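Colleague: Before I use this model, I would like to know what stands behind each label. Let us go through them one at a time.

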Amino acid sequence: MDFKKFGFDDARLEKRETMLAEGAELYPYSYEDCTKINKITDKAKRQENAGEEITAEGKIAGRIWAVRKMGRTVFMDLRDDTGKIQLYINNRPFSKQEFKRIAQLDMGDIIGVEGPAFRTKMGELSIKVKKLTILAKTVVNIPMGKETDDKVFYRSSDTETKYRERYLHWMLDSNDRERIKKRFQIFTSIRKHMENAGFLEVTTPTIEFIYGGAEARPFKTSIWALNNKDAFLRISPELYLKRYIVAGFEKVYTICQNFRNEGIDATHNPEFTMMEWYEAYTDYNTQMERLERLIENVCKDVCGTAKITYQGTELDFTAPWKRMSMLEAVRVFAGINADNMSVDEIKSELDKHNIEYDPSINWGLGVVELFENLCEEHIVQPTFIIDHPIEVSPLTKIKRGDDRLVERFEPLVYGIELANAYSELTDPVKQMERFVQQREIQQHSQDKGQDWEDNPIDNDFIKAIGCGMPPTGGLGIGIDRLVMLLADAPTMRDIVPFPMIKPKN
RNA sequence: GCGCCCAUAGCUCAGCUGGUAGAGCGGAUGACUCUUAAUCAUUAGGUCGCGGGUUCGAACCCCUCUGGGCGCACCA
């Protein structure tokens, strides 16, 4: 059997064979009732500070992080998920064979030990090991390198390993391990606050026959049980969440994976996590308040404060956040008064700034181009950009008082669009008209060489709206982007547990 | 999709204007009963990402491919 393809190491395989042949148990069933390493170190330090004798002791389990052999004494660093402690292993408590086996242990092996804590002559808090149990013999040479308290030597820095072999990367990089932890603490925090706000967490289909709720190229699959009928992976949960609202579930949310068959880069993964919520009888103003409160609270929960540092810039999530209409932003940041401009005037502004655009754009699309190219990057502190042009917002109610705009907002932080929300369109006839318009846009973009699948209009959804949808405020958050900000991650790949990466061969 | 950059031992890297590979860590063996990047001695590891070309000769120059990174485009 060729184990090379798994990255197994010959020397370690041989050790495993030999140890097994000698009757060693290398993969036991359990090792329970352990004390966490930080509990022991904390207790020992407390006792020392009080001038008492160290009586801390315990049974601990973890991975061998370093081995220093000194004749009939072996020092090891053992690490669990709370910390690291040195083991002092003298040969006295062990038989000759046991000690030989201990000396054969490798960095990366998982062991359990029992014994009292003490300080060595050099002053290092250590466990005097009385009993040692092998819990897993590794057969892979783990590139742990060496480390001191403030430096790491010879550790793998291969980006491919980083994203392809996450178990190795997380094992070795405590910073990224903490980031991933933070990701899931954010999930927990969101769920807590949503429950406190009276929302019901629901699910929507992942495999759909008609996809919708966003403009995106879908992933195509097929259903074996239905004669291999074409199906698609969800690009957005929106149309299903609205069915819940129609049915009388007045406050619902979902946290789900969306799948979009588009570019992969530092801020885009084909599979990404969205949170969407809908709340009956409210408009987008209420949702702005809900969002700023939620983010402030989540930030406090996982970061301990609402003021965080992202890539060296301080961001303050304390509510309320600034509100600014898109036209106002274009005026303030680009110095362009687009309110009363004709399409041609907007085009000449775009030309002036060397912004490429589709010559067939209308007023609204032009405004959005100006905003995205000239304003977004200037918006660093959390800011709600509100009231978008109607042309880019098909599922939204018209802005009260200006029928060129809709009631929509996008919070921007550090130039990143964190979420997207509307006073949802609830007129079934207008809804259908907008769908038809959207279809035309899709067909238009086909001319640009994009291969949108032929996707029928979701008639059942239109019927649902026709059954009466209460006035509803809805919002979607790109959770990965939120996590990026709160975990100070420069790329989405650092906080997506298993980011998309091309398979080998 | 397009442009630029990268790929040498398990890991980190060196390898000059082309003369068929080196170090440290890790491994093995030995010494050492308080070390901590332990130390010291000995030693084994490589189809230089794959395939082709130029050349007397290629890790090095040229081309294709594979994988990775960064820009641009599409998008959340």
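Modeller: Elements first: helices (H or I, at least four residues) and strands (E, at least two) are DSSP runs, numbered from the N terminus. This is a predicted model, in which local features need pLDDT of at least 70 and side-chain atom pairs count only at pLDDT 80 or more, whereas totals for chains, interfaces and linings use all residues. Residues are numbered from 1 along each chain as its sequence is written, while chains are lettered from A and ligands numbered from 1 in the order in which they are written.

Colleague: Where is V406 in those terms?

Modeller: V406 lies in the loop between β18 (383-386) and β19 (408-413).

Colleague: Which residues does V406 touch?

Modeller: Contact requires C-beta atoms, placed from the backbone, within 7 Å. Not counting residues up to four places away in sequence, V406 touches H388, I390, S393, T396, K397, I398 and K399. As for K69, 337 residues apart from V406 along the chain, the two C-alpha atoms are separated by 71 Å.

Colleague: What makes the phi of D387 and D33 worth a note?

Modeller: Most residues other than glycine have a negative phi, and most peptide bonds are trans. D387 is not a glycine, and its phi is positive, near 65°. D33 is not a glycine either, with a positive phi of about 60°. D387 is in the loop between β18 and β19, and D33 is in the loop between α1 (10-21) and α2 (37-49).

Colleague: How do you know whether D387 is buried or exposed, and D33?

Modeller: By the neighbour count. D387 has 24 C-beta neighbours inside 10 Å and is therefore buried. D33 has 7 other C-beta atoms within 10 Å and is therefore exposed.

Colleague: Which residues are joined by a cis peptide bond?

Modeller: A319 and P320, with omega about 0°. P320 is in the loop between β16 (313-316) and β17 (322-325).

Colleague: What makes helix α7 largely enclosed?

Modeller: 7 of the 10 residues of α7 (residues 238-247) are buried, so the rest of the structure largely encloses this helix. Those residues are E238, L239, Y240, L241, K242, Y244 and I245. Their cover includes β13 (251-259), β14 (271-280), α13 (459-466) and β22 (472-478). After α7 comes G248, with a positive phi near 110°.

Colleague: What is in the largest nonpolar core?

Modeller: A nonpolar core is a set of buried Ala, Val, Leu, Ile, Met, Phe, Trp, Tyr and Cys residues joined through C-beta atoms within 7 Å. The largest has 69 residues, and V252, V330, I385, I477, L482, V483 and L486 have the most contacts inside it. Helix α8 (residues 284-303) supplies the largest share of this core, 8 residues. Leaving aside neighbours within four places in sequence, V252 is in contact with F199, L200, V202, L241, Y244, I245, W277 and Y278. A second, separate core has 21 residues, among them A56, L78, I89 and L132.

Colleague: How do you know that β13 pairs with β14?

Modeller: Two strands pair if DSSP finds at least two bridges between them. β13 and β14 run antiparallel and are joined by 9 bridges, with Q257 opposite T273 in β14. Strand β9 (residues 200-201) and β13 run parallel and have 2 bridges, which meets the cut-off by definition. E201 stands opposite Y253 in β13.

Colleague: Which residues are closest to RNA strand B?

Modeller: A residue is near a molecule or strand if its C-beta atom, placed from the backbone, lies within 6 Å of it. 54 residues surround RNA strand B, and the closest are G71, T120, M122, G263 and K502. β1 gives the most to this surface, with 4 residues.

Conventions:
Buried ≥ 20, exposed ≤ 12 C-beta atoms within 10 Å, placed from the backbone. Contact = placed C-beta atoms within 7 Å.
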